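This report covers annotated sites, pockets and domains. Have the sequence and coordinates to hand.

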Amino acid sequence: MSIGYNHVRARIHVRAIADNFLEMNRRGGNCYGVVKSDAYGHGLAVVAEALAGAGAKTLAVGTVEEAASLANTTFTGRVVALLGAQLPEDYPLAVAHDVICFCGRREQLRRLNEAAVLARRKARVSLKFDTGMRRLGFLPEEASEVLELVQSLPNLEAIMVSSHLATADEPEQEAHVHEQGARFKGVVDVLRAGGLEIEANLCNSAALLAFPEYHFDGQRPGISLYGGNPFYGTSREELGCCLRPTMEVTSRIYQVHDLKAGEGINYGLTYRAERDMRVAIVGVGYADNYSRNLSSKGWMVVGDKRVPVVGRVCMQMTAVDVTDVADARAGDTVWLLGGNSPAAISACELAEWWGTISYEVYCLMGMNPREYLLDRDIQRG
Ligand SMILES: *Cc1c(COP(=O)(O)O)cnc(C)c1O
């Protein structure tokens, strides 16, 4: 899980994650904290406990195995597995830990019921409908058949109905959100008319921020808990400006030296000095998940200044131009993400230089050795 051979550190601001949850929950009213993929690289157990402290009653992970691992934390609320039961061993595991599995195939419903009968327990599930993502789930027109099947399985309790939006973070594709929203509402109506008491949830972070009309009974924010603005670079950017950054990533300068005008640096000598300059060699590279796409494109923070990456990102080292940082020397801290000055780099900015989204920046940078800034005095919502 964690990279063990470098000087890179991902520092997690636990309090900021709790604050972001409170902010989103104030809007939605019943947020399930999405903590899949090791809490977007922030660490599942610590984040789960912080969200519990902020009042989260439900968390959502990816696999059933991840869901079961929450039993080793102080979180005692409901746990949803968004990927649902996939492996044969997932079915008994989900039942034993009372994991609420997303189910989008009939076989999953039958097998969860069987596992529940064997264990003399109930299996609680969320019926997952594909309203326009074209990824996982029953089709809306199958709603009555799914209802019948669920009602014929004695140890199954369908307590939620869910769907996922494909374009909620793209203002220019808003029409598709409304198509999905209308289809979802149709499914919810069919299930309720058939007698199911069911908690409907559709929104991810972007929809929670932009479409209050689709808040239904629960919401599933993920990226917003980690301070990522799903609307970064769009006309709705303002909507996500209320969030606090949650991860800083640092490394160290290994060496500082002059580069004369005309000299090239690093593999391929792809960058050539246009003037006499000073460069710092920083201890981070693509083996630390600092993407090679950042070659001559990224920026880092040294002291209170942003400095550009010059030349190729190597496996464990990257050069930056520190000509304008008078006192840079070996051993100094360098921020790849964050920083303690107005020059701080946001996950969205880093993602833009990298050619990706903040989600991937967090998941990948968070695989570096982590340190936690804990603040036990988390305010309850
Ligand atoms: C990851 C995920 C979310 C959270 O989405 P964000 O864009 O991170 O808020 C919600 N629902 C499902 C099904 C997901 O897989």
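## Exposure and basis

Exposure follows relative accessible area: buried is under 20%, exposed is over 50%, and partly exposed lies in between, with a 1.4 Å probe and protein chains only. By that scale, M315 is partly exposed at 46%.

The model is predicted: local features need pLDDT of at least 70, side-chain atom pairs count only at pLDDT 80 or more, and totals for chains, interfaces and linings use all residues. Residues are numbered from 1 along each chain as its sequence is written, and side-chain values use heavy atoms, with hydrogens and water left out.

## Active-site annotation

An unreviewed UniProt entry lists K36 and Y267 under "active site". They span 232 residues in sequence, with the farthest two C-alpha atoms 36.8 Å apart, so they do not all gather at one spot. From this set, K36 belongs to the lining of the largest pocket. UniProt positions are in the numbering used here, feature names are shortened, and annotations may be inferred rather than shown by experiment.

K36 sits in helix α2 (residues 36-41). Helices (H or I, at least four residues) and strands (E, at least two) are DSSP runs, numbered from the N terminus. K36 is partly exposed, at 30% relative accessible area. Leaving aside neighbours within four places in sequence, K36 contacts A60, V61, G62, E66 and L82; contact means heavy atoms within 4.5 Å. Y267 lies in the loop between β10 (264-265) and β11 (271-272). Y267 is exposed, at 60%. Not counting residues up to four places away in sequence, Y267 touches R312 and C314.

## Binding-site annotation

Under "binding site", the unreviewed UniProt entry lists R135 and M315. They span 181 residues in sequence, and the farthest two C-alpha atoms are 35.0 Å apart, so these positions do not all gather at one spot either. Of these residues, R135 is in the lining of the largest pocket.

R135 is in the loop between β6 (123-128) and α7 (143-152). R135 is exposed, at 55%. Its contacts, not counting residues up to four places away in sequence, are D130 and H164. M315 occupies the loop between β14 (305-308) and β15 (318-321).

## Pockets

A pocket is an open set of points on a 1 Å grid over the protein atoms alone, where a 1.4 Å probe fits, with protein on both sides within 12 Å along at least five of seven lines; lining residues have an atom within 4 Å of a point. Grid points are joined across faces, edges and corners, and a volume is the space filled by probe spheres set on the points.

The largest pocket has a volume of about 690 Å³. Of its 30 lining residues, K36, Y40, R135, H164 and Y359 are closest to the centre. Helices α2, α9 (205-210) and α11 (358-365) each give two or more residues to this lining. The most, three residues, come from α2. The second largest pocket holds about 360 Å³. Of its 23 lining residues, the closest to the centre are G227, P245, I345, S346 and A347.

## Domains

The domain assignment, automatic or from a database, gives domain 1 (14-226 + 234-240) and domain 2 (247-345). Their C-alpha centres lie 41 Å apart.
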